[in-house]
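Have the model open as you read.

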Amino acid sequence: MFKSKSLKTGIFSLAFGFMLVGCASEPSSGDDVEQEVEPGEENVAIEGGEEGGDLVVGVLSDATILDPHSSSDVPSGNVQSNIYETLVKYDTNMELEPRLATSWEPIEDKVWEFKLQEEVYFHDGSEFNAEVVKANIERILDPEVASPRAILFEIVEEVIVVDDHTVQFVTEEPFAPLPAHLAHYASSIVSKEAIEADYAAVEEGEQHGSYINENPIGTGFFKFDSWNPGEQVVLNRFEDYWGEYAKVDTVTFRIIPEDLTRIAELETGAAHIIDPVTPSDLTRVENTANAYIRNAASITYLGFNMEKEPFTDANVRKAIAKALNREAMLEGILDGTGEAAVGPVNNTNFGYSENVEGIERDLEAARELLAEAGYEEEGFETTIWTNDSRERIDIAEQTQAELAQIGIDVNIEVVEWGAYLEATAAGEHDMFILGLSLGTGDADYPMHMLFHSNNVGDGNRVRMADDVFDQMLYDARIEQDEATRLALYEEATNYLNEEVPMAFLYHPSHIMGYADGVEGFWADASGVYQLQNVTIQ
């Protein structure tokens with residue numbers, strides 16, 4: 001164990017059950033100059049690219065599971081998004097477009113109807129149809145499965161199969177965000193045969209998701225080949241794909257935890273794409289390879305365990321939030337990339353409002369709040385957890401120094417990714433640094449995921465259980481007038497800035513490196529890799 005005055009590193013050994021450890025991350029683009037991508041711009045120039053070959057993506061973290069209904073992390077989602085497909089998806093403008101569905105519309109106040117693609121087959125040869133969609137949504141909502149993504153569809157009362165290629169969703173109340181929720185990779189469509197086999201495995205004593213984790217079967221342009229936990233995941237091109245074939249023969253997600261090693265692999269040609277690139281390493285990547293940068297639909301935050309003293313006191317939480325210098329984080333840690341956060345969503349998501357005022361840095365006000373909470377003289381000692389990301393370790397160290405100025409003594413513990421997710425879900429932490437992909441483009445999802453009382457222990461790792469806020473989210477969820485709904489999310493964000501379940505830090509930019517000869521790559525605003533049109537030379 002490495003220890004210093006600024007860092008204590010703890011490695012937690014926790015049981016994972018059926019959750020094997022695998023690989024994922026976030027890739028890059030393809031010209032020979034830096035690409036700074038705004039919505040609507042994507043690198044899809046494949047002229048001169050050659051088809052075939054093995055695309056190697058060097059990534060920071062393992063996946064935790066390949067069952068999309070059981071995972072709640074982006075590293076897993078990035079692998080899953082190349083195996084499975086959703087009914088709809090976002091383009092580079094964050095506009096919804098068809099995928100497994102061809103069209104959708106509300107036919108009544110509480111009924112959405114989706115028309116489905118025909119002649120689509122899964123990797124196991126079974127056919128995609130409305131019955132499959134029904135089985136997938138019902139599985140996500142099955143309380144025995146305990147999907148961390150059930151919150152996406154908890155308002156769905158019934159899924160009706162109209163015919164083989166028409167399905168209807170009946171909701172408790174009018175629900176505007178449903179198509180956006182069906183674009184999230186957590187709603188990926190799994191083979192019905194695999195779902196049935198998974199339930200059968202549970203009858204034999206296995207855990208939910210164990211069969212699908214070992215047999216991830218979707219309709220995607222890549223299919224699962226192998227998973228060597230801690231080393232790599234390999235996917236093969238699906239030759240019977242219903243749409244345009246992938247350009248490369250295989251994709252290998254190679255786990256490379258060390259930042260500088262990932263860059264070295266890019267420089268030597270051992271990796272075609274690396275993700276993430278730490279902002280402090282951006283210049284080196286630009287000098288030796290290429291960089292891809294785009295605005296991110298994600299939030300990085302410092303979370304508090306609201307069930308543990310002294311974080312049960314809103315004054316303590318707000319004092320910490322007021323002590324943090326977000327601009328210094330952007331300049332010193334992110335090298336001027338990203339943007340300071342005033343709430344959980346930025347302008348990539350409906351629900352963002354420029355009228356919200358974030359929590360400003362004010363050390364004197366922070367000390368006064370601590371005094372009100374009874375910590376005027378002695379302060380207190382606490383711990384920040386983070387995973388083994390250099391960026392997050394840097395945030396932890398800056399936070400440690402800033403909280404020392406208001407009398408809070410902070411230890412830092414660095415925890416392996418899979419163990420980190422499990423331990424924070426169990427509420428074993430004091431404070432922690434984490435992020436969330438804002439993958440639906442609508443504030444309904446991240447606000448429910450991070451703060452709704454039904455989600456404590458899943459996405460809600462701050463363990464907030466607030467009936468008032470739950471009602472605010474419900475009111476915004478069912479509101480049909482767009483302007484009124486936006487005002488409700490503005491009110492909800494202001495409420496969060498009073499209660500301070502977490503300190504909103506920043507919305508990062510996705511920064512990735514790619515080699516010369518890589519073309520056709522882009523990542524969406526959530527950082528999910530789009531590999532279908534990638535070619536390598």
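At roughly what angle do the axes of helix H14 and helix H15 cross? This is a predicted model, and in it the axes cross at roughly 160° and come within 9 Å. An angle over 145° counts as roughly antiparallel, so that is how H14 and H15 run relative to each other. The crossing of H14 past H15 is left-handed.

On the H14 side, the contact uses Val-468, Phe-469, Met-472, Asp-475, Ala-476 and Arg-477, and among their counterparts in H15 are Leu-488, Tyr-489 and Tyr-495. Sorted by type, the residues of this contact are 9 nonpolar and 4 charged, with no polar ones.

Now for the histidine. His-448 sits in helix H13 and is buried, at 3% relative accessible area. Leaving aside residues up to four places away in sequence, His-448 touches Ile-151, Glu-154, Asn-455, Leu-473 and Arg-477.

On to the sheet, which is open, has 4 strands in the order S5-S6-S8-S7, and pairs them antiparallel. S5 and S7 are the edge strands with a single partner each, so one side of each has no neighbour in the sheet. On average, neighbouring strands are turned by 20° against each other, direction ignored.

Helix H2 lies across S6, S7 and S8, at about 170° to S7.

Here are the two angles between elements side by side:

| Pair | Angle |
|---|---|
| H14 and H15 | roughly 160° |
| H2 and S7 | about 170° |

Terms used. Residues are numbered from 1 along each chain as its sequence is written. This is a predicted model: local features need pLDDT of at least 70, side-chain atom pairs count only at pLDDT 80 or more; totals for chains, interfaces and linings use all residues. Side-chain values use heavy atoms; hydrogens and water are left out. Axes are lines fitted to C-alpha atoms, for helices over the stretch in contact, and angles run from 0 to 180 degrees between N-to-C directions. Helices (H or I, at least four residues) and strands (E, at least two) are DSSP runs, numbered from the N terminus. Angles under 35 degrees count as roughly parallel, over 145 as roughly antiparallel, 65 to 115 as roughly perpendicular and the rest as oblique. A crossing is left-handed if the near helix is turned anticlockwise from the far one by less than a right angle, and right-handed if clockwise. Contact means heavy atoms within 4.5 Å. Ala, Val, Leu, Ile, Met, Phe, Trp, Tyr, Cys and Pro count as nonpolar, Asp, Glu, Lys and Arg as charged, and the others, Gly among them, as polar. Buried means under 20% relative accessible area, exposed over 50%, partly exposed in between (1.4 Å probe, protein chains only). Two strands pair if DSSP finds at least two bridges between them.
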